[in-house]
Amino acid sequence: TIQNIFKSYHPKMLRLLLQLRAPCASRIVSQRLFTSEPNKPLPPKSGYKIDAKSFINSFKKELGAMQAKKKRELLMQKVEEQKAMRKAIELNELKNENIAALRSERVAKENEVKLAKRLEGDKRRASMKRAVLKEQMERVENAVKCSSTFITSENLDERIEEILNTPKNVDFCLNKSGKKIM
């Protein structure tokens, strides 16, 4: 039926469409009448055809107007979205600038702290090197002092005579407390 075909159309259009009805079969003029007399002007279109054409034309106009309205609305919506996007981009750029400034300050402070720690570490390492060097010098001085008592090939004869002249008695026992027992 016509209702099933035009369900998706606008209600006004559907109402107009339902008012139009197909003409009866007896009112339809055969096409042969118009082709037999080529010089004779064609009769005006029947009422049904005129109504249908006017309905279709008005429907097309209204449909075109609706589509144009939708296009305008979409265009306006896109313009508003672009404005909102530009505003959001500007806000984002401001935030980025603020964050960049904060970041640069933070990085400068971190660099100062790193430099201070590095200098402190350098001082600590230098003091540790001085302490190690001092300790090594003391060891060297002690080794030099002790080296005077070392037995060498040059003083071997002297050391043997000295040891023989100073006898040591190592023939003794020790008790549990560590005292010498003779």
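How exposed is R106, in relative accessibility? R106 counts as partly exposed, at 46% relative accessibility; the label covers residues between buried (under 20% relative accessible area) and exposed (over 50%), using a 1.4 Å probe and protein chains only.

## About the model

This is a predicted model, in which local features need pLDDT of at least 70 and side-chain atom pairs count only at pLDDT 80 or more, while totals for chains, interfaces and linings use all residues. Residues are numbered from 1 along each chain as its sequence is written, and side-chain values use heavy atoms, with hydrogens and water left out.

The predictor's confidence in each residue is its pLDDT, on a scale from 0 to 100. For this chain the mean pLDDT is 80, and 73% of residues reach 70 or more. A contact here means heavy atoms within 4.5 Å.

## Overall layout

The chain has five helices and two strands, in the order α-α-α-α-α-β-β from the N terminus on. These elements are DSSP runs numbered from the N terminus: helices are H or I with at least four residues, and strands are E with at least two.

Of the 182 residues in the chain, 5% are buried. The accessible surface comes to about 17500 Å², and carbon and sulfur atoms account for 59% of that; areas come from the Shrake-Rupley method with a 1.4 Å probe, and for residues only the protein chains shown count as cover. Looking at contacts between residues at least 6 apart in sequence, 42% join residues at least 24 apart.

A search of the whole structure finds five salt bridges. The term means a side-chain nitrogen of Lys or Arg within 4 Å of a carboxyl oxygen of Asp or Glu. One of them pairs R106 with E110, whose closest N and O atoms are 3.6 Å apart. The two residues sit four apart in helix 4 (residues 47–147), so about one helical turn separates them. Like R106, which is partly exposed, E110 counts as partly exposed, at 39% relative accessibility.

Further along, the side chains of E120 and R124 meet in a salt bridge at 3.7 Å, N to O. They too are four residues apart in helix 4, which means a separation of about one helical turn. R124 is partly exposed, with a relative accessible area of 47%.

R125 forms a salt bridge with D122, and here the closest N and O atoms are 2.5 Å apart. Because these residues are three apart in helix 4, they are separated by about one helical turn. R125 is partly exposed at 47% relative accessibility, as is D122 at 36%.
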